[in-house]
Amino acid sequence: MDKKIKSKRKYVGKLIFIILALILIIFFISIFRKVIILSKISGITIGYTNQDNFYGEMYTYENKNFSVIKTYKLNGNYLTTISLYSNGDEENRKITMYKNGDDELSLIEVGDSKTVLNNDDTLSVNGSLINSYNYQNSIWERIKLSLVFKITKQEMNSKECYLLESSKWKIYIDANTGLLVREEQNSYVRDYYYEVNSVSKEDLKKPDTTGFKEAR
């Protein structure tokens, strides 16, 4: 009887060991797969994040607020518009920022109020809307990210994407360019759209300042 109990315990022990070993193997395979995907994304984004000829759009939705940023960038020059909309009592706002060589200006529209800022008084802008979820990092940081995010493939905005999903975030990354397509967090949603090497000098037309008053 004792021999049967010992044999049974030994069998159960081996079975538990095998199950735990399989779980660990599956876990490490999953981590390895995600690290490979992050490394792939890191490699393909390099050719896009430093682009100096692109058109970009960024749409942000949060509760009742909505904003749109559109930008043309070419050889260090840019034409960018930021439009802010609210379903509350606040007036809608629009900011236009323009730079072409030494010629710079900013247009600010708040309801019926229109103001122009020239040259040294213009608003500064980061002319890049090209965004990637930054994987230009060490292998250990990618392993850490692999522990946080579940990674699957999913279509978003007509693009084949990697979906990085945690308890708080959903991040859609274009599988072909490594650029962000969408970010989601609770009521916050942000969509991105890009065109690379599509901007010409004709796209950087100086905005019409008719009806705008200079800031005092």
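Mentor: Rings of Phe, Tyr and Trp (its six-membered ring) pair if their centres lie within 6.5 Å; planes under 30 degrees apart count as stacked, over 60 as edge-to-face and the rest as tilted. Tyr 59, Tyr 61, Phe 66 and Tyr 85 form one aromatic cluster, and the structure holds seven aromatic pairs. This is a predicted model, in which local features need pLDDT of at least 70 and side-chain atom pairs count only at pLDDT 80 or more, while totals for chains, interfaces and linings use all residues. Residues are numbered from 1 along each chain as its sequence is written, and side-chain values use heavy atoms, with hydrogens and water left out.

Trainee: Why is the pair of Trp 169 and Tyr 188 called edge-to-face?

Mentor: Their planes stand 75 degrees apart, with 6.3 Å centre to centre; the angle is over 60, so the pair is edge-to-face.

Trainee: Why are Tyr 192 and Tyr 194 called stacked?

Mentor: The angle between their planes is 10 degrees, and the centres are 6.2 Å apart; the angle is under 30 degrees, so the pair is stacked. Tyr 192, at 7% relative accessibility, counts as buried, and Tyr 194, at 14%, is buried too.

How values were computed:
Buried < 20%, exposed > 50% of the residue type's maximum accessible area, 1.4 Å probe, protein only.
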